[in-house]
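Here are a few friendly notes to read alongside the structure. Keep the 3D view open and look for each element as you go.

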Amino acid sequence: MYQLNKVDKKFPGVHALKAVDFKIGRGEIVGLVGENGAGKSTLMKVIYGAYQPDGGTITIDGKPVRFQNPRQAMDHGIGMVFQEQSLITNLTVMENIFLGFEKQFVRFGVINWAAMAEAARHQLRKVKLAIDPATVTSKLSFAQRQLVELAKVLTLEERIEGDLVILLDEPTSVLAKEEVELLFSLVRELTSRASFIFVSHRMDEVLELSDRIYVMKDGEVVDVVTHDEANIDAIQHKMVGRDVDKQYYREQKQRPYDQSRSLVRFDRVSLAGKYSEISFDLHPGEVLCLVGTEGSGREAILRTIFGLEKPSTGRVEVKGKPFDRANAQEAVARGVGYVPRERKVEGIVNGMNVYENMTLSQMGNYASNGVLRIAEEKALAEDWIKRLSIKTPDVYKDCGGLSGGNQQKVVLAKWRSGGSDIFLLDHPTRGLDIGAKEDVYDMIREMCDDGAGIVLVADTLEEAIGLSHTILVLKDGEFQKRFDGSPGDKPSLYDLVHHMI
Amino acid sequence: MGSRIRRETLVKWAPLLVLIVLCAFFAAMEPRFLSTRNFARILIAASPALMVAIGVTFVIIMGSIDLSMEGTVSVCAVAFAFCFLWLGGTLASWAWLALPVAMLVGAALGFINGLVHVKLRIPSFMASLAMGFVGTGLAMVMTGGDRIRIEDELFRSLLTERFLGFPLMVYVAGLFLLVAWFIQTRTTLGRNFYAVGGGEDLAIASGLNVNRVRVLGFTLAGVFFSVGALLAVGRIGIAETATGNNFMFLSITAVVVGGTALWGGLGGVWNTLVGVLIVFVIGNGMVVIGLPGYVQDGVLGILVILAVILSTDRKSISFVK
Amino acid sequence: MSTFIKDFIEKEKINRRNFLFASAYGLGGVAAMGALGPGMARAALTDPTIAWSYRNRTNPYWNEIVSGGEAFVQSLGMSKDALTHLINEGSSEKSLADVKAILAKTGGNLALAIDTNDAPNARPVVEAVAEAGAYVSTLWNKTDDLHPWDFGDNYVSHMSWSDEGPAEQTARILLDAMGGKGGVVHLGGIASNNPAIERLNGLKNALKDYPDVELLAAEPADWDTQKANQVMSAFLTRYGDEITGVHCANDTIAYGVLEALRAEGIEDMPIVSYDGNPQAVQLVSERKILATVFTNPHWGGGITAALAYHAAIGTFKPSEEPNAHREFYGPTIMVQPDDALEFKANYLDSVPTYDWTDFWGPSNGPIVYK
Amino acid sequence: MSLEKLKPYFPWITLAALVLVVGAINPSFLNPASLVQLVADIVPLFIMALGMTFAIYIGGIDLSMQQVANLVTVVATVYLVQYGIFVSLLCIGAGFAIGAISGWITTRQFVPSFVATLAMGFIALSGARFLSGERALSMNAEARDASFGWMFGNTAGVPHELVIAGILLAIAWFLQTRTTFGRALKAVGAGELAAVASGLKVDKIKILAFALSGTFAAIAGLMFSVKLSGGDANLANGFLILAIVAVLVGGTPLTGGVGGVINTLVGTLIVVVIRSAMVYLDVDATMQQMIFGVILIVAIAMTIDRSKMRIVK
């Protein structure tokens with residue numbers, strides 16, 4: 001029904017899409033996978049009208065169409081659920097759902113709120129969300145917002161004749177496992193009304209949900225596989241053009257840690273409303289993984305170690321003594337490095353170049369009496385660019401212009417070069433392609449070998465299991481269970497999930 | 001959760017509380033403060049500023065800022081005066097047409113302001129600041145520096161005719177306040193201001209024509225500036241280049257004091273009403289209780305800071321610039 | 001009361017006579033210089049640019065000043081566009097920068113009339129002009145330690161007005177109208193401006209003779225109509241019926257006061273003001289204002305430019321003039337209801353044609369420092 | 001050279017174009033001596049714009065600068081005889097303190113700098129009016145010449161004001177580009193959250209930035225006061241808007257983290273050239289403000305680098 005024929009898109013210096021053929025049938029769920037830079041996002045933008053192709057044609061039911069903007073694509077039944085939360089948080093749910101399409105409720109210039117609320121309730125029923133449409137969006141949970149987004153796209157159903165194509169861009173990235181299941185069952189149900197294009201970095205989810213999977217590499221579709229014949233290894237091979245090592249998580253490099261010393265000690269620590277009575281020790285060379293759903297207290301623990309939150313009771317020791325005044329400066333001075341989930345907002349400074357970002361947390365080491373030794377900074381940056389093979393033309397490149405993986409490497413280089421030996425990694429591989437992920441895993445092992453302790457909040461459970469020496473399972477801020485993760489003796493997915501929910 | 005909701009409620013009503021506390025304080029210091037006649041005086045002084053502040057409120061809700069009000073008010077006042085006198089000089093003649101003409105002039109200036117901002121992609125702070133220069137300059141060119149008196153008794157009845165102790169201009173301002181409230185809550189445009197202020201790129205992704213909303217926002221602000229200009233002329237009976245003086249900092253201070261966030265998406269016209277009243281009650285109260293002139297600026301500064309601190313939800317924002 | 005005006009016109013007539021002498025002297029001066037050759041004439045300029053630097057165009061007072069400057073330029077047979085305007089918008093910094101710019105542009109071939117916006121700004125302006133060899137006459141603002149005779153010929157003259165006396169006279173008119181009892185409020189100019197201080201002092205001096213009148217309050221209204229309107233409103237709240245008279249530092253303030261009273265339905269409050277703007281004179285004739293003081297800004301604006309110009313072209317040599325001709329007070333005329341219409345007809349409706357070489361005729365004696 | 005590469009030089013190109021246009025119409029504008037004089041005269045404005053750069057560079061604004069300068073003119077005039085040259089310390093201390101308080105109110109009390117600094121300005125104005133006794137004061141000429149005579153005059157044809165401006169510019173430039181403080185400013189302006197997460201003392205840096213803008217305002221006020229040999233509560237009026245305009249035209253946008261003190265130098269020069277061009281080109285007095293506004297729009301449209309701005313607000 002919806003079809004792309006030999007679609008081409010070029011940007012200055014980049015051939016982003018090379019004669020891509022793509023089609024999706026009525027009620028079908030099509031997966032789209034590929035490494036970062038493979039052309040997935042360009043393809044999606046062409047589909048929902050943000051980009052116009054340079055060559056090739058787009059047809060719907062055989063009729064050629066051309067979209068100048070997303071609005072026109074919507075008018076043809078193509079909607080997009082964005083990766084980043086795309087709801088405007090200061091508006092009510094119903095306003096978000098009908099944003100840009102309020103006209104239907106307007107009589108003589110006046111909005112009929114009752115009518116809009118009724119229509120919104122109708123949409124929310126489609127996604128099985130029982131909330132008051134007049135609720136302000138900021139009061140909703142992330143999962144609820146994701147569903148509202150879906151409901152918003154589903155308004156297309158009423159608005160246009162014909163079939164719907166809905167793009168789901170990384171819809172699960174902020175969802176916990178059970179919420180993902182909920183979303184998937186919903187999507188399957190909705191195939192009676194719409195087709196879906198599903199884009200995700202989580203290969204297992206793509207495999208689980210999709211009827212067919214398009215594999216992209218270097219702007220081309222390199223393979224199309226059906227649900228039944230799909231195989232993770234084969235797809236990953238196609239994506240990266242090489243075998244993905246069985247030892248993806250570098251388990252062979254996992255060494256026992258030094259039990260004699262403690263880097264971070266939590267002794268019955270509580271933070272009101274976030275977590276309670278948490279105790280653990282982080283040792284040199286250890287990867288300690290906090291596992292739990294969104295809101296289980298994982299992030300709050302990281303933020304406590306970094307001095308951004310002050311615990312209400314209990315004792316936190318970093319390198320043997322508690323903070324005098326809990327703040328980030330003191331944590332950094334004690335050798336704590338924080339790799340935040342919001343890489344572009346908290347990790348790097350968009351607008352500063354590579355060396356400026358690398359020394360940001362440790363300017364004191366590159367300054368005499370407050371005067372910077374810029375030559376040394378550059379030397380440091382060049383050194384780490386080589387060591388981590390960061391892809392950047394030079395040290396003067398604005399970090400905002402680097403790819404996600406390279407940005408993450410800059411963040412890690414910042415802390416490692418500054419001599420940090422306690423790392424707080426919050427979703428360190430989020431949004432990275434496989435190659436970049438593997439680089440991060442390598443780095444984690446290296447850091448352990450150097451005697452650093454790592455507290456990890458992983459992107460997936462597999463990652464958590466694969467990487468960690470120790471796993472703490474949390475639920476609603478309460479400690480549930482501790483697992484030991486020595487190589488060959490790792491807990492199973494089921495073990496963890498059992499305690500999480 | 002309970003404490004959070006209570007704090008939210010407190011923060012939401014803080015500006016009004018500040019206003020009440022201020023009134024109570026001034027009344028305690030000087031009982032005559034608390035009289036209908038004095039409130040009428042405060043409202044007369046506040047009415048033009050309220051109109052200007054409401055205009056800029058819409059722009060601030062969008063996350064932009066409009067600093068062109070001084071120029072726009074002057075041009076509208078002068079254009080109104082010329083047109084009014086030319087058409088007969090009394091509302092009983094065709095000269096009433098000068099009222100819509102002035103509003104059209106305001107709309108046109110706001111429209112140009114919006115176009116400069118959106119089409120030339122100049123941040124609104126700079127675009128509107130420069131447009132303010134243009135406006136003041138234009139008023140100067142139009143008048144050559146002269147003042148134009150509007151003596152028409154019918155027009156001046158805005159000030160001289162009273163109903164329930166308040167002059168007509170207060171009711172006119174109240175009417176336009178309701179119009180603004182209506183626009184804010186019941187029209188697509190009003191809601192779209194909040195959408196743009198809440199997340200511009202998200203609004204674009206939802207298919208909203210953000211540039212159009214922006215230009216319309218500045219145009220609407222221009223219309224309210226012109227209403228402010230009309231009331232200012234009604235109050236003094238003089239239209240001149242200086243009619244717009246002092247409105248810029250005054251109106252933006254009032255908007256912020258009322259609890260509308262400068263980063264957009266929050267607040268509204270009722271907040272602005274409270275903010276304008278706070279500023280004018282302070283101004284009136286300080287003279288009424290007889291503070292020396294040189295202290296008044298400083299006290300105003302301190303009270304403004306306090307009012308903003310009280311009406312800010314510190315927990316919900318990570319930083320402020 | 002029209003004696004004020006009669007006196008003034010009388011004075012003018014006498015001055016006309018003086019003017020004949022003056023112009024004869026002027027012509028003689030030019031001729032003499034011609035005879036003395038270029039060596040002497042170098043001190044003078046030929047065909048200098050004539051400029052007026054002032055605060056803004058939104059105040060009728062400055063418009064009158066400028067109209068005088070233009071009238072003077074026209075009297076030289078040039079179009080009125082020949083007068084260069086420098087507007088400082090209330091910024092001393094811009095005032096000085098503009099002067100420097102025009103000095104550079106003209107290479108010092110300049111006759112400048114200026115109000116420097118703020119008293120401290122006068123010294124750097126005068127110094128810059130003197131250094132460039134141009135000629136300047138100042139109006140209103142200068143510090144007391146700055147004198148034209150310290151700069152040879154280049155700082156030609158300074159004219160100001162002693163407002164204390166006239167303000168005291170208007171105050172007496174006001175206090176008499178109040179029946180010598182009750183309460184009076186004063187709305188002043190920008191507090192640090194000299195005229196604002198003097199005008200308030202005038203009121204205070206008069207009050208000494210009226211023990212039954214209380215000065216309820218004095219607040220600055222910054223020469224601004226809207227601000228005056230607000231301050232008067234607040235006064236009405238604070239003092240209510242206690243206020244039986246209003247003393248305004250200038251006409252623009254009085255307009256705001258009148259409107260504040262009008263909003264309250266008060267029509268018969270005795271008010272006096274200052275400056276003698278046309279609108280105010282009209283209001284005086286309608287007895288809405290009891291008195292205002294006309295300072296003849298048209299003449300002031302013209303003569304200040306004329307002094308600078310004629311000194312520049314060598315019509316007279318400032319350093320040979322007595323100090324009384326280099327620092328002097330401008331004329332003041334009291335305008336009251338009975339003579340307001342007559343005054344208006346003579347001075348405002350048809351602006352008298354002044355003789356711009358009668359430099360000191362209508363002036364009001366040398367400036368006295370306290 | 002591509003357009004991309006030229007972008008950082010747009011302010012310079014705009015300046016050069018303006019100078020050439022004015023010079024072509026009225027060649028006397030290009031007289032070197034008068035150009036030097038022209039530049040020397042705007043030094044107080046430039047110093048104020050330099051200070052404003054710090055506030056805008058971190059994404060804020062400082063509207064108190066004009067009133068700080070007003071206060072300083074009064075302080076300098078009143079206490080000159082008593083303290084001699086050390087009155088400068090008093091002035092600078094006052095500017096620093098007022099700026100720091102503004103910064104504290106902004107960062108710790110979450111009052112937007114637009115309002116916080118405006119209100120602090122009112123407080124400074126009150127102080128100036130009180131201290132001056134609501135009069136225009138003039139400096140004791142001997143004390144002025146003894147303590148601050150060195151500020152003005154020429155050495156080898158170079159006005160001393162220019163030397164002072166040059167030194168301050170060098171200090172500001174050094175602070176911005178070569179010190180940890182300057183780097184931290186950039187980080188705060190471009191990505192405040194990342195700066196927090198890197199362990200920078202963000203609040204302290206912001207407060208210092210406002211304190212610096214206050215300090216520069218005080219220096220500007222002091223110079224202006226000495227130049228005019230007096231002080232009153234309105235003396236520095238007219239500086240504020242021009243200083244903001246100078247910073248913005250130079251290409252330091254209000255979003256922060258971009259631009260810097262060199263941009264401000266260019267911006268100030270552009271503003272001054274536009275302003276004096278009005279005099280040189282005999283622009284009708286009533287038209288000047290309107291034309292200034294229009295040229296400003298054109299200048300800003302040409303100078304700002306939009307590539308760093310994701311959204312234009």
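1. A word to start with: two strands are said to pair if DSSP finds at least two bridges between them. Please also keep in mind that this is a predicted model. With that in hand, look at chain A, where β3 (residues 29-34) and β11 (residues 212-217) run parallel and are joined by 5 bridges. One place to look is G34(A), whose bridge partner in β11(A) is M216(A).

2. In chain A, 6 strands make an open sheet, in the order β6-β9-β10-β3-β11-β12, and the pairing is mixed. Two strands of chain A, β6 (78-81) and β12 (220-226), are the edge strands, since each pairs on one side only. From one strand to the next, the twist averages 20°. In general, strands of a sheet pair through backbone hydrogen bonds, either parallel or antiparallel.

3. Next, find the helix on this sheet. Helix α1 (residues 40-47) of chain A lies across β3, β6, β9 (164-169), β10 (194-199) and β11 of chain A. Its direction is at about 150° to β9(A).

4. Finally, turn to where chains B and D touch. Chain B brings 47 residues to this contact and chain D brings 43 residues. On the chain B side, the elements giving two or more residues are α5 (124-143), α9 (200-205), α11 (247-257) and α13 (293-310). Which of them gives the most? That is α5(B), with 13 residues. Sorted by class, the side of chain B that touches chain D has 29 nonpolar, 12 polar and 6 charged residues.

Note on methods
Residues are numbered from 1 along each chain as its sequence is written. Chains are lettered from A and ligands numbered from 1 in the order in which they are written. This is a predicted model: local features need pLDDT of at least 70, side-chain atom pairs count only at pLDDT 80 or more; totals for chains, interfaces and linings use all residues. Two residues are in contact if their C-beta atoms, placed from the backbone, lie within 7 Å. Helices (H or I, at least four residues) and strands (E, at least two) are DSSP runs, numbered from the N terminus. Ala, Val, Leu, Ile, Met, Phe, Trp, Tyr, Cys and Pro count as nonpolar, Asp, Glu, Lys and Arg as charged, and the others, Gly among them, as polar. Axes are lines fitted to C-alpha atoms, for helices over the stretch in contact, and angles run from 0 to 180 degrees between N-to-C directions.
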